[in-house]
Amino acid sequence: MSRSAPLAVLLVAIFANWGRGEAPGGAIDFQRDIQPILAARCWSCHGAADAEGGLRLTDRDQATAGAESGAAAIVPGDPDHSELLRRVLATEDGERMPPEGPALPITEVEQLRRWIAEGAQWPAHWAYRRLSQPPTPDTGDDWSQNPIDRFVIAKLTERGLAPSPPADRATLLRRLHFDLLGLPPTAGQIEAFVNDPSPLAYERLVDELLANPSHGERYARHWMDLAHFAETHGHDQDRPRDHAWPYRDYLIAAFNEDKPYGQFVREQVAGDALFPESPQAVVATGFLAAGPWDESSLRDIREDTLDREVARYLDRDDIVTTVMSTFVSSTVHCARCHDHKFDPISQAEYYGLQAVFAAIDKGNRSYDVDPRVGRHRDELAAALAELPSRLASQDPSLDDPELAARVAVWEAEWAATDSLWQPLRLEELVSTGGSTLTSLDDGSVLSGGMRPEQDLYTVMAPIAAGEIRGLRLELLTDDSLPQRGPGRQDNGNLHLNELRLFVIAAEGGEEREIKFARAVADFDQSGWSVDRAIDGQDATAWGIHPQVGQPHEAVFELAEPLVVADPTRLRIELHQTHGGGHLIGRFRLSTTSRTPRLSDRSLEPELARILGVAGEARTPQERRHLAVAYLTRNYQAQAAELPPRSIVYCGSNRFVADGSFRPTPQPRVVRLLHRGDIKQPRDEVQPLTLSCLEDLPAALAVADPADEGARRVALANWLADHRNPLTWRSIANRIWQYHFGRGLVDTPSDFGRMGTAPTHPELLDWLATRLRDRGESLKDLHRLIVTSATYRQSSSNPASDGQESAAQESDRQKSAAVIDGDNHYLWRMNRRRLDAESFRDAVFAVAGTLDSSMGGPSVKQFVQTPGMHVTPNVDYHSADVDGPAMRRRSVYRFLFRTIPDPFMDALDCPDASQWTPTRGESVTPMQALATLNDKAIVRQCEQLAARIERDRPTDPDGHEHAHAAVREILGREASDAEITSLADYLLSHGLANACRVLFNSNEFMFVD
Amino acid sequence: MNVEREPSIGSATVSRRELLWQAGGGLGGLALAQLLAEESRAQDTAAVGQPNAGQPELGLGDKGLGDGLHHPPKVRRVLQLFMNGGVSQMDTFDHKPELDCRHGEAIDFGITAAVTSEVGKIMKSPFPFRQHGESGRWVSDVFPHLAGCVDDLAFLMAMASKTNVHGPASYLQNTGFVSPGFPCMGAWISYGLGRIADDLPTFVVLPDHRGLPYNNGGNFSPGFLPAAHQGVIIKPNAPEPIGNLTPPASERITAAGEADGLRLLAEFNRRHLEGRADDSRLGARIASFELAAKMQASAPEVLDLSRETQATRCEYGLDDETTGPFARNCLTARRMLERGVRFVQVWSGMGGPAKNWDNHSDIQTELPFIARSVDKPIAALLRDLKQRGLLEDTLVVWTTEFGRMPFTQGATGRDHNGGTFVTWLAGAGVKAGTTHGASDEFSYQAVEGVTQVHDLHATILHLLGIDHERLTFRHNGIDRRLTDVHGHVIREILG
């Protein structure tokens, strides 16, 4: 290349070459030469989405059929009679195509002409083609170490390129360590490896590193980018998810144990349904819930709003996009508002995929770590569920004498110890404010109708002769209430300002107020505790926010036992004067003759009645009723004694309702939304997937449409099917990308027509089939790739120095830089900048402060304090730089979606609300400031300096310390010149600052 | 700008521009371009970094405002004032006498409920409205100072949002999308136009002193754009206004040590460059430390308001308890714009149930509280920008995420309403004293000249010399735009 050539012009030429790379004189290649023209100039009107004039230029059949005009756009072999060619050459308005923008350049027209003349070959898009193992090129070279290299060198030779020499051992060791573990080698490891005389030293090293548990941590982090995993919701209510981390540990374990890839795929989409016996398979569905979640829209606003329905579609969109981008590199999300403009994906297919997840929400699901415990729990639950029908069918086994004996023992013990809450029969329900109060069968009262600002409920209740020591108020949920109640306020809350109890002395007699001594509730809203309901002040009250959507109860102990000789009546007043509609939605009142405790259970009225009947007077069905009551308590007690269940935040419909956010037992109705508009719903859709694969149908066989698990199982099986070429090509390409910094396909999550085509299609297919057909082992593929000669090449390009070196090598590489400056054909290794996690972990590792313990809840490398609302305050700057949280590997950081760590941000740690197939590699002043000045990094410099100084207490000229710092941080011996500068600096400014300089060097930040 | 197009590969001192041109030679093209880019940078990277970005348009130039990315710009920098929570339009700028007439009536709007509450009775504004200026704009008494500026403003009276929920609505106004993870306008502008000054960030965010808005930093995310375009959060009221600008306090760390350290670092990096000079990222990173040092030198001066006159302090209300914190942000914003920050976003209100514009409980007390804190500072800022001539190439945009309902929530509050709200613009390229669009008689829905945020974004980009349909970034299979697939330039308000 001439020194004075305008490089810009040259670059444009180079890019034009690899973008449109026409092989002069060679045959026209549809994918390379024709499709880009159609995509850029034709498809916006004649693509998958639109067919203006009845013409679609997306496949050969449609392009060769007659359009509305009668003419065929393409007549294979006959360019002169092809309407397409006539129209692109036309000059008059209304004739010329495309109608807007510049005319097609003559070179493109010529390509179209040649292509049609040669028969208009129109092969299926590469990514959808059936996958079979291509033959390894017979290159007969002595460079290749394994089949990968033969594919690579064949392409290099074709382009007039040659591979670079291998990197030296120290370089390889550092490369391999960061690549497979995300950590640097220690000085000791470097020395050992460089001096290892064994010819198989490298292969042995690869095996060791693949067996190292840090490998799983490294690859889990890659996968978290794809899944857009973080541990908060990511919207205005960015609530922390305390149970998201088990999914991260699942990933680490899966990569470490080399889980067969198909199983890995299946588990993440439908593990709970496919492998109910496997707790880890349940945890795997954390994948579906990795993305953001709109708490305001899905939990807090009213259920009857359009905003709620929009949010459900958007949440499923997030899940569909995650699944399809990650596993099959498909941009199916482009078909939300219209058919995919470029790929054969219809809107029906997109909404069919939404239907697969029609019952899925993101929530906390309980599971048993020990499957045997889980089985036992399931058995108990099943036995419990069966009891009502056993009673109804008068199951003879309930008459078993042995059971009767146990019931008798229980009755004697239990009746003696338990407080018996007697529900009051409430009558004469009066609402002063105008609510409608209705008695329900279970003795509770539901408030409905218009909602006044304030209200006073007054109820009467007959009582028998006896003693009363306590009154209990249960607040119950109901589907008719906002957030399911128990309050009537829009947020589900209520405020009970005063509870007052009166006893009517005798029929028609005076009434007397009964005072309370104390009150206790299962939950008190901050500043609104239950004692304020009996403090005689109308300004104070009991509230239950934010624990709405769940029942609550409070018990009130009478100041003195109330003893009545004859049956009489109670009058109870519930004062709710706070305003804003803070009213009780549903409640029940009970009394007890014992000193009340919150934990006491109540008796259902029928059971209380039976217990009141003398044993011998009971009917057989009454005895069975008692047996069922006993068994219910017995099973519940057994279940309570099981080890507590673990929780994972995942995609499921088995989570506890939270306010108005509740699981749906059946799949929800999903409709195709015309133009993606919620106001234009069309027909209901059934589960469906892509139709573009020749060996797999788009229909998903789901026997029972109500079985939500079966929908996901069908998709999971479609994804993991050996006949699904996308899945295997996608993962093979990703693995390649992680080792080389760029995939054979440069758009790893887009294998569609607008993505880039593979540079080495045969190699990609070879890798994909190797993975698929050899036990689906990722580690096998890693091993193969990193032991290839391609991977072991040097990354340097001496020619780039511009020194007029005599070496032929240099000339060769100079031309390589011209032919393939971006190294798409791998004539050398790519140099990589450390990603955020690797840089941070490496600094701690070198400083000797990295805590290598694995797994468990995420560590908060920030100070968290309660926020004004749901989102906490998060302060990274004040975090303890010496604290244990700080010393864990970055993969264990608690990932806060809307308040990310600014240090990690500066190093391109992605926005966790987006899917990130490829990390950015920015270089910015803010990044320089971060690596220079971050408190934690500066602290590690001090730690390392202290260690070096401890080991070498006397070093008057600073040379020893300088040598040690370079050895530790850069992993090599320093030159004399470097020692001079470094020692000079550290004598003036200290060793810690010298370490800081080295940690900030390009040599540390980049991996050759 | 003068562009040295002749590369001299291998010379010991590589100029930044040279590095940029070498960018094509390695993976680092994009990174380098981001770092060094100045005006018209996106064309370069479009050619280098993106396979489908089309032909590069190498229209570099520095004639006044520059040539813009796609056409000559009117605006060089943008200041956005974002009122977090949903400003009540009918209590501020959207005067509706009909509400006075129908106060207390139940009107059927065809909805069963607002987003968090039942449909209440019609509520008139508790604040008197008056006409102001030559344009005769109606402004309520909650904005006495801003009322004096109406002849400089262009009002969009019929803004509409497709959502009524803070999270999605704030994302929509900032990024054009209701879901998280998309780049905000500031990031797009940084990506499209690059930096003006090399010693200050391109895109700065000044949050409310009480805390971050709904969605926190999600509103200022670069999304999938390179990290170089992220908003730099500056908190002028905090002890450490810019994170990591300076090293942690330590006896070991001295100014001399820092300067010597950077020299030593450069020495190591230059040596490392031998045999690797074709990798532009390495050179870019060397340059990044030089830029960082410049920023360290410049930033404290920008934040130092002690150089402002007492008159200015008074004007902004800097020493007043109510207006002080927001005034500090406004004044800092002006200093930033003056010194070449491209895009400044100033927030009023934090996320949560109070101390913002989300006045669910009581318009009569909640709105004046927050309105007072911004009224005087914004009016002062507008006058100040004008006086200094900055308005000639600066655009000021005042906006929020949605409006509020004409009927009550509870006794005297108002619920969210994406149906209509008000935005105003001022400054370069804008027809002052004009209005566009109108809501219905209740200010319930926008009915005339309905304006979506995509139109607003398209207009802002247009003024900056950018065709919003051509500023794209390929992500996950789609050429993404700030304006999604929507957006029309609002010509009616352009001067």
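## A tour of the two-chain model

Start in chain B by selecting helix α6(B), where Met185(B), Gly186(B), Ala187(B), Trp188(B), Ile189(B), Ser190(B), Tyr191(B), Gly192(B) and Leu193(B) are buried. Keep in mind as you look around that this is a predicted model.

The helix spans residues 185-193 of chain B and is mostly covered, with nine of its nine residues buried. Now step just past the end of α6(B) to Gly194(B), whose phi is positive, at about 70 degrees.

Next, show both chains and select the contact between them.

Finally, colour everything by confidence. Chain A has an average pLDDT of 90, and 94% of its residues score at least 70. Residues 1-24 of chain A are a place for caution: pLDDT there is below 50, and the stretch has 19 contacts in the model beyond near neighbours in sequence. Then go to residues 800-806 of chain A, where pLDDT also stays under 50 and the model has 14 contacts beyond four places in sequence.

Over in chain B, the average pLDDT is 86, and 86% of the residues score at least 70. Select residues 1-64 of chain B, where pLDDT is below 50; this stretch has 142 contacts beyond near neighbours in sequence. For the model as a whole, the scores are ipTM 0.80 and pTM 0.83.

Terms used. Residues are numbered from 1 along each chain as its sequence is written. Chains are lettered from A and ligands numbered from 1 in the order in which they are written. This is a predicted model: local features need pLDDT of at least 70, side-chain atom pairs count only at pLDDT 80 or more; totals for chains, interfaces and linings use all residues. A residue is buried if 20 or more other C-beta atoms lie within 10 Å of its own, exposed if 12 or fewer, and partly exposed in between; C-beta atoms are placed from the backbone. Helices (H or I, at least four residues) and strands (E, at least two) are DSSP runs, numbered from the N terminus. pLDDT is the predictor's confidence in each residue, from 0 to 100. Two residues are in contact if their C-beta atoms, placed from the backbone, lie within 7 Å.
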